[in-house]
Amino acid sequence: QLFSGCSSEEDERQKVSPPEDLMQEHGLLNRILLIYDTCKSHLTNKTSFPIAALSSAANIIRKFVEDYHEKQEENYLFPRFQKANQLADLVNVLLQQHQAGRKLTDQILQLTKSQTAADAESEKLIELITSFNAMYRPHEAREDTVLFPAFRKLVSKHEYDSLGEEFENNEHKLFGSDGFETMVNKVAEIEKGLGIYELSQFTPQRSEEHTSELQS
């Protein structure tokens, strides 16, 4: 192995901790929430868009967020907090929201099976997307700012490191060696189809104009 003298140090730097892993996945979830927002805007304004984009996004929510990411939290994080009797109320609410989210995703997947959405289905989809996004933005923010920082203090360094490896192994088993990157690429393709991939479009134009005025 080349550079074998540096390999252990390099491996250590490349290791992703459990909260870091989960927070990266929250970043992916946030991009899907933006996709949901965009689809909701089209439905509300009755403008055409590929309904398959919403269906594909919901499928990623189901397979990667709910069946994998949330299961990691439910299998590895929540029980440790419950056993230690720490943040029990928060964990209960988070678990209830996972269950509520799966019910919402069930309905979104059902209503996006066809290539078009009737008016009644559009109204229901708007309601479902609104409920999903309104719940998950504070949900993931609370996990990132309260639950994950507390988890680091709850377990030993050895357990913390071994969980990071277990998370990575679970991801590879389900999605292959580049599972997360594959999901990011899938999300990017949906964003491109909806015209929301380019990050610069979200920069307020007024700020640029104001900067130009100051410079002149």
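**A buried arginine, the cores and the ring pairs**

Let me start with Arg62, which is buried, with a relative accessible area of 18%, a value that counts as buried because the cut-off is under 20%. Please keep in mind throughout that this is a predicted model. Arg62 belongs to helix 3, which covers residues 51-84, and its side chain makes a polar contact of 2.7 Å with the side chain of Glu66. Leaving aside residues up to four places away in sequence, Arg62 touches Asp67, Arg102, Thr105, Asp106 and Leu109.

Now to the nonpolar cores. The largest has 36 residues, and those touching the most other members are Ile35, Tyr36, Leu54, Phe132 and Leu194. Two or more residues each come from helix 2 (18-45), helix 3, helix 4 (88-111), helix 5 (119-154) and helix 7 (179-194), with helix 3 giving the most, 10 residues. Leu54 has contacts that include Tyr36, Phe49, Ile108 and Ile129. Apart from this core lies another, of 16 residues, including Phe78 and Val155.

Finally, the rings, where a search of the whole structure finds nine aromatic pairs. In one of them, Phe64 and Tyr68 have ring centres 5.3 Å apart and planes at 45°, so the pair is tilted. These two residues are four apart in helix 3, and therefore separated by about one helical turn, and both are buried. Phe151 and Tyr160 also form a tilted pair, with centres 6.5 Å apart and planes at 35°; Phe151 is buried at 1% relative accessible area, and Tyr160 is buried at 10%. Over the face of Tyr160 lies Arg152, 4.0 Å from the ring centre.

Notes:
Residues are numbered from 1 along each chain as its sequence is written. This is a predicted model: local features need pLDDT of at least 70, side-chain atom pairs count only at pLDDT 80 or more; totals for chains, interfaces and linings use all residues. Side-chain values use heavy atoms; hydrogens and water are left out. Buried means under 20% relative accessible area, exposed over 50%, partly exposed in between (1.4 Å probe, protein chains only). A polar contact is a pair of N or O atoms within 3.5 Å; within protein, one must be able to donate a hydrogen and the other to accept it, and residues adjacent in sequence count only if both atoms are side-chain atoms. Contact means heavy atoms within 4.5 Å. A nonpolar core is a set of buried Ala, Val, Leu, Ile, Met, Phe, Trp, Tyr and Cys residues joined through side-chain atoms within 4.5 Å. Rings of Phe, Tyr and Trp (its six-membered ring) pair if their centres lie within 6.5 Å; planes under 30 degrees apart count as stacked, over 60 as edge-to-face and the rest as tilted. A charge sits over a ring if NZ of Lys or CZ of Arg is within 6 Å of the ring centre and within 35 degrees of the ring normal.
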